[in-house]
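Here is a brief report for a first look at this structure. It covers salt bridges, then helices.

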Amino acid sequence: MNTTDNKENNIEIKTETLPAKKVSDSETHQLHVVIHPDINGFGRLFGGRLLEWIDEVAGATARRHCGRDATTVAIDNLYFKSGAYLNDIIVLIGKVTHVGHTSMEVRVDTYREEQDGTRHPINRAYFVMVSMGEDGHPTEVPPLILDPDDPAEQMEWESAKKRRELRLLRRREGF
């Protein structure tokens with residue numbers, strides 16, 4: 001194992017050679033049934049409750065990829081397309097779309113599922129997760145293997161690079 005210093009944040013990052021993983025290796029699915037404590041005053045699913053579920057899926061997906069605990073650093077995009085109501089089945093699907101040295105971008109799609117299995121999109125969110133070592137410091141993540149026959153995986157990777165550049169620009173601007 002090697003170590004490198006991140007002088008900007010005064011953090012030592014441990015590095016090691018990790019085996020690469022495919023997007024499908026860490027794909028995570030979670031289901032919820034909307035119950036009364038999940039409902040707001042308008043009879044719809046609380047946005048905050050949905051955000052909690054999405055964060056859990058992003059964390060589990062990141063952990064499955066890196067094999068360690070991971071923490072949320074940023075929520076890059078969170079757009080609510082439609083609502084959910086009492087007794088609706090909510091399906092959340094997370095997958096890693098990009099990896100850096102210690103961070104991963106995780107996309108979580110949320111759907112409302114009908115009794116016949118038809119799914120209606122509710123939300124898509126992109127989370128930046130950082131792999132955390134036992135010492136509480138960021139640690140290296142495995143490389144991501146993209147399926148050369150899956151243009152969607154390639155597109156997500158390229159889009160993730162653009163989102164990263166925008167995040168860095170916002171950070172330089174003080175946001």
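## Salt bridges and helices

D109 has a relative accessibility of 7%, so this residue counts as buried, the cut-off being under 20%. The model is a predicted one. D109 pairs with R107 in a salt bridge. R107 is buried too, at 11% relative accessible area.

Two further pairs can be set beside this one. R112 bridges to E114. R112 is buried, with a relative accessible area of 19%, whereas E114 is partly exposed at 32%. R163 bridges to E156. R163 is buried at 13%, and E156 is buried at 6%.

| Salt bridge | Closest N and O atoms |
|---|---|
| D109 and R107 | 2.6 Å |
| R112 and E114 | 2.6 Å |
| R163 and E156 | 3.4 Å |

The count of salt bridges comes to 14. Some of them join up: a network links E105, R107, D109, R124, E156 and R163.

Now the helices. Helix α2 covers residues 47–66, which makes 20 residues. An α-helix has 3.6 residues a turn, so residues three or four places apart point the same way. Just after α2, G67 has a positive phi of about 75°.

Helix α1 spans residues 23–26 and contains S26. S26 is buried, with 0% relative accessible area. Among the residues S26 touches are T61, R64 and H65, along with G94 and V96.

Notes:
Residues numbered from 1 in each chain as written. Predicted model: local features only at pLDDT ≥ 70, side-chain atom pairs only at ≥ 80, totals over all residues. Heavy atoms only, no water. Helix = DSSP H or I, 4+ residues; strand = E, 2+ residues; numbered from the N terminus. Expected span 1.5 Å × (residues − 1). Buried < 20%, exposed > 50% of the residue type's maximum accessible area, 1.4 Å probe, protein only. Contact = heavy atoms within 4.5 Å. Salt bridge = Lys/Arg side-chain N within 4 Å of Asp/Glu carboxyl O.
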